[in-house]
Amino acid sequence: MPAQPDSLALLAAARDAFCEILLPRLPEAAYPEAGRIAQALDIVLRELTTAANRQSAGLSEPAAKSSRRLATDIRAGRYDEPGPDRDDLHNKLRRATAAKLAIDNPEYK
Amino acid sequence: MNEADLVAFIAAKTGAGGVRLGALRRLPGGAVKQSWAFDADIAGGSVAGSQTLVLRAPGPSGLPDSIPIGHEFAIHQAAWQAGVPVPEPLWLAAPGAARDAPYYLMRHCPGTADPRHILRERPPAIDHAALALDLAASLARIHRMTPAAIDPPVPPADPALRLIQTCRNHLDQRVTAHPVLEWGLRYLELNRPKPGISTFCHRDFRTGNYLVGEQGLVAILDWEFAGWSDPHEDIGWFCAKCWRFGTPKRAAGGIASRAVFYTGYEEAGGPLVDPERAAFWELAAHIRWAVIALQQADRHISGVEPRLEFALLGRRLAELEHEILNMTGAA
């Protein structure tokens, strides 16, 4: 058992306290902003959990491939034609987008 | 907002002998400009009586495409004169005319613009089919408007190319690259239709930007992006999945099918809808909205207008990119 709650545990406890204790007592006019606060806390929790899981699995952050270079090449037309290069590009874009979506809005359909 | 100044402005415009104001209440919505409702007791003059007015003013920070408040007022007036359902525009306080100018006043319209209320199906349900037809007819009317106060005054030669260039110009100024948006823009560039007719367009015509009351459509709001374009830009924006608020199967604003909306628009005198051209503009809508979401997040990040709402808009990017990949065959 850890000597003290880590940042993730603290944040999760704060989120639960906010949603379960405070939110039901707020006036209806405060719901939209309260919902945004809960949403922001959820995003941060998922982001921290993902980072912690990667660390414990011994994975480093993906090398910062030059997305600027990729963007420049796309605009220049390097991936205009169907083929292995474009398939590879699509795979990269899909994976990167899925990873972001898993943190920002995992229930999105 | 200085109350004495606002009282003096209303008195000067109406010839009232006395004006008493209630507290200003911020209304939800509006990309950049802010709207504030307040009660006014006006004694004498041209609009005597108790009434609720709305003050529309620029926010502390802006977006590049948002037009100046004076232009918006002129367009709002033109919409009113053209018979488009809008709150009655009243008076413009031009820059320098009052301490907190520029701003303009309009009459308050009762109703809700909240998509969660408008789209819900449980009673008391709004008649979505009738609402879709009213919106389609309003859009056809908007597309027949010829307001004088548009900047630039002539339509762009190629509205699609203008949108692509505008988005790229913004992306070029960012520290972080966005390859999915670049892919979407390249796809638009290679697949864009030949320029067709251009009309006056609202350019933010969507669920969330109109008021609905018990009897249906009340008013079209938020004219701050209006200008010339392909009328399919408004149709594509209205039908884009990102503006359906959790009801993806009803493509037209979350309230009706595309077919119902297109037919209503044509029967109300709008130009024939080309479904392929509309689909192009639906993709363009996702990309333009993604760029606007980044710009909105910048308003928070920069510290100029720190608001959680703006910060979270930056986190909408992933779902928009997901749709862009789906719509371009990359998923």
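This is a short chat about the predicted two-chain model above.

Me: What should I know about the model before we start?
Reply: It is a predicted model: local features need pLDDT of at least 70, side-chain atom pairs count only at pLDDT 80 or more, and totals for chains, interfaces and linings use all residues. Residues are numbered from 1 along each chain as its sequence is written, chains are lettered from A and ligands numbered from 1 in the order in which they are written, and side-chain values use heavy atoms, with hydrogens and water left out.

Me: Which residues in chain B lose the most area to chain A?
Reply: B:Trp183, B:Leu312 and B:Arg315. Together they make up 23% of what that side buries.

Me: How many salt bridges cross the interface?
Reply: The rule finds 6 between chain B and chain A. A salt bridge is a side-chain nitrogen of Lys or Arg within 4 Å of a carboxyl oxygen of Asp or Glu. Over all chains, the structure holds 36.

Me: What does A:Arg75 pair with?
Reply: One partner is B:Glu182, with the closest N and O atoms 2.7 Å apart. That pair runs from helix H3 (residues 67-76) of chain A to helix H6 of chain B. A:Arg75 also meets the side chain of B:Asp172 in a salt bridge, at 2.8 Å, N to O.

Me: How many residue pairs are in polar contact across the interface?
Reply: There are 12, with both residues at pLDDT 80 or more. A polar contact is a pair of N or O atoms within 3.5 Å; within protein, one must be able to donate a hydrogen and the other to accept it, and residues adjacent in sequence count only if both atoms are side-chain atoms.

Me: New topic. How many cavities of 30 Å³ or more turn up?
Reply: The search of the whole structure finds 1. On a 1 Å grid over the protein atoms alone, a cavity is a set of points where a 1.4 Å probe fits but cannot get out; lining residues have an atom within 4 Å of a point. Grid points are joined across faces, edges and corners, and the volume is the space filled by probe spheres set on the points.

Me: Which residues line the largest cavity?
Reply: Among them are B:Asp158, B:Lys194, B:Asp230, B:Arg277 and B:Trp281. Helix H5 (159-172) and helix H9 (275-301) of chain B each give two or more residues to the lining.

Me: Backbone next. Where is the cis peptide bond?
Reply: It joins B:Ala101 and B:Pro102, with omega about 10 degrees. B:Pro102 lies in the loop between strand S5 (89-93) and strand S6 (103-107) of chain B.

Me: And what is the phi of B:Arg203?
Reply: It is positive, about 70 degrees, although B:Arg203 is not a glycine. Most residues other than glycine have a negative phi, and most peptide bonds are trans. B:Arg203 sits in the loop between strand S7 (199-201) and strand S8 (210-213) of chain B.

Conventions. 1 Å grid on protein atoms, 1.4 Å probe; cavity = no way out; pocket = protein on both sides within 12 Å on 5 of 7 lines; lining within 4 Å. Helix = DSSP H or I, 4+ residues; strand = E, 2+ residues; numbered from the N terminus. Buried area = accessible area lost by both parts, 1.4 Å probe.
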